[in-house]
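Open the model in your viewer and keep the selection tool at hand. We will go from stop to stop.

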2 protein chains.
Amino acid sequence: MTDIRMIEAAAARLQGHARRTPLLSSPFLDEIAGRRVFVKAECLQHTGSFKFRGAWSAVSALDSATRARGVIAFSSGNHAQGVAWAARLHAVPSVIVMPADAPALKIANTRALGAEVILYDRATEDRDALGARIAAERGLTLIKPFDEPQVIAGQGTVGLEIAEQAAEAGISHADVLVCCGGGGLTSGIALALESRAPGLRARPAEPQGFDDVARSLSAGTIQRNAALTGSICDAIITPQPGNLTFPILHRLCGPGLAVSDDEALAAVALAFLRLKIVLEPGGAVALAAALFRPDQIAGEAVIAVASGGNVDPEMFVAALKTLG
Amino acid sequence: MTDIRMIEAAAARLQGHARRTPLLSSPFLDEIAGRRVFVKAECLQHTGSFKFRGAWSAVSALDSATRARGVIAFSSGNHAQGVAWAARLHAVPSVIVMPADAPALKIANTRALGAEVILYDRATEDRDALGARIAAERGLTLIKPFDEPQVIAGQGTVGLEIAEQAAEAGISHADVLVCCGGGGLTSGIALALESRAPGLRARPAEPQGFDDVARSLSAGTIQRNAALTGSICDAIITPQPGNLTFPILHRLCGPGLAVSDDEALAAVALAFLRLKIVLEPGGAVALAAALFRPDQIAGEAVIAVASGGNVDPEMFVAALKTLG
């Protein structure tokens, strides 16, 4: 199980490979939120999202003979790009299994980052059986997107940096809002803050209608989403919190927050205008909560993790239209 | 005259106030350029451009009695915002003199950053006389945009960071392309690199048709632009290099490069897609040169300074259309 020592070990392995992303702020955002807002710009991480950290952590933790055979992941999104690039930088093969109807740009990007992309037909093929067969044939190691201790440890390095950067900014007590899908990033950050900055408290931020983590925290048991499609925040839609992540979230996190798609788009636009960073809607959910849920947040400052920036130009243009 | 000791002193005054902006990269940009490309993301600086550094340097260098009376600047652009915010953070007044037909958003932003904005009619009023009268009445100190030793020293802190970050990335020999208007940023960086990273060479990048600095370097004497309007790279259009900056540029810089407006827009779009940062066209000129003038650059790596990100949504949408 992931603990602070695993996170510290992951940080040592990531040193010189992952970026230490900046903690940004703007007086214009402070005014909207009614308190100081700090944004951990993880969209500036390699491959455009925090997923590179967990992927690097997992790949680098393998023994060298296992790693040399290669890795495999199921993803058409940020996890795919993180695993592909981490494998490429380790000079080992990667196989990414994607649905054949994934956007052409995502397939092309993942291939360009060095992966072999294997497409399957969602209607007729069993993804897990296909992946298991390929993995067995080639001796590949599966890198899960969140419910995997070394992945959680890698994402937790975001929390180590937040603890340091908040201290530099003079912030010792604040909520740390985290865009939350399966909970790998949120649980990793929560573990890091528990040890390094106990006055900072991680809280999951999710799209309205897909707030399985918030409801699971309220109920004390894992709850599922009723639907898995219908939000533009696709990067952070998962069926339910993970079996490894949920106990950590339950022990350490404050209550979840949920925002609408329109609020996520407005946060994308404000991050463009005031911070000069590019966010995808799912990566802007925590910032949206910081800006538009002031009554659900306590304290003079709030920290929002901007988890990813892999957004299509068309969606970005739609966001900019909210600026009026 | 600015020298490395003034830049180091400016860096000490900026410590904890200016951001150490990241040096970003992407394998996709490397492939376009045919060499490794590193981007110094100064768009992530406070107020969205490097101008905050020079403004902070100049304001913080004043003796306290002089500073307390306040500062004045002539600008409707990035320098205005940098001076306004640096003065506000020093808790001293600032007056920004702008033409009455400046965009309403820029006027509002500069006011929101704490400045008193005084508008003048370009057709009927003499800006310099107006500013001189206000400065004399109130005892304000004029902060020039580039031809001022403490401003050059502040911009030079970008060069100190580039020297450190290039060394961390293993780069000891490379061209450093800098978006260049009056030459404050380029000359400051050139001075810093001369002392700290002599294998790195600053080179100005300008819009085609407004390449006064490139032509001045070729001629060995200051040359003027034939026109001052007609480029979307308005942030870096100036009549000619400064009397203080030109001797530094002439002594230290490599030949200038020039790019078209379309190439600047394409660089804005690629920075969005591959680096997740927001650039204005004038702030993307150096990146455009790195990507689209490979034959004019030597070496296995190139560093481009992305100097600012204060772009209107409409212009950004136009840039995204170049992605096809």
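**Before you start**

This is a predicted model: local features need pLDDT of at least 70, side-chain atom pairs count only at pLDDT 80 or more, and totals for chains, interfaces and linings use all residues. Residues are numbered from 1 along each chain as its sequence is written, while chains are lettered from A and ligands numbered from 1 in the order in which they are written.

**Stop 1: the two chains**

Show chain A and chain B. A rotation of 180 degrees, with 0.0 Å of shift along its axis, superposes chain B on chain A with an RMSD of 0.0 Å. Now select Ile277(B). Of the residues of chain B, Ile277(B) comes closest to the rotation axis, its C-alpha at 2.3 Å.

**Stop 2: where the chains touch**

Here 20 residues of chain B are in contact with 20 residues of chain A. (Contact means that C-beta atoms, placed from the backbone, lie within 7 Å.) Which helix of chain B supplies the largest share of the side that touches chain A? H14(B) does, with four residues. Select helix H2 (27-33) and helix H14 (313-320) of chain B: each supplies at least two residues of this side. (Helices, H or I of at least four residues, and strands, E of at least two, are DSSP runs numbered from the N terminus.) By class, this side of chain B has 16 nonpolar, two polar and two charged residues. (Ala, Val, Leu, Ile, Met, Phe, Trp, Tyr, Cys and Pro count as nonpolar; Asp, Glu, Lys and Arg as charged; the others, Gly among them, as polar.)

**Stop 3: the six-stranded sheet**

Stay in chain B. Six strands form an open sheet in the order E1-E2-E10-E7-E8-E9, with mixed pairing. (Two strands pair if DSSP finds at least two bridges between them.) Strand E1 (23-24) and strand E9 (257-259) stand at the edges with a single partner strand each, so one side of each has no neighbour in the sheet. Next, select residues 174-179 and 200-207 of chain B. These are strands E7 and E8, which run parallel and are joined by six bridges. Asp175(B) has Arg201(B) in E8(B) as its bridge partner.

**Stop 4: the four-stranded sheet**

A second open sheet of chain B has four strands in the order E5-E4-E3-E6, with parallel pairing. Strand E5 (116-120) and strand E6 (141-142) are at its edges. Strands E3 (71-74) and E4 (94-99) of chain B pair over four bridges. Ile72(B) has Val95(B) in E4(B) as its bridge partner.

**Stop 5: two helix pairs in chain A**

Switch to chain A. Select helices H9 (184-196) and H11 (245-252): their axes come within 9 Å and cross at roughly 45 degrees. (Axes are lines fitted to C-alpha atoms, for helices over the stretch in contact; angles run from 0 to 180 degrees between N-to-C directions.) Among the residues making this contact are Leu191(A) of H9(A) and Leu252(A) of H11(A).

Finish with helices H3 (51-61) and H5 (78-89) of chain A. They pack at an angle of about 45 degrees, with their axes 8 Å apart. Residues making the contact include Trp56(A) of H3(A) and Trp85(A) of H5(A). By class, this contact has eight nonpolar, five polar and one charged residues.

Definitions and conventions:
Two residues are in contact if their C-beta atoms, placed from the backbone, lie within 7 Å. Copies are superposed by least squares on the C-alpha atoms of residues with pLDDT of at least 70 in both.
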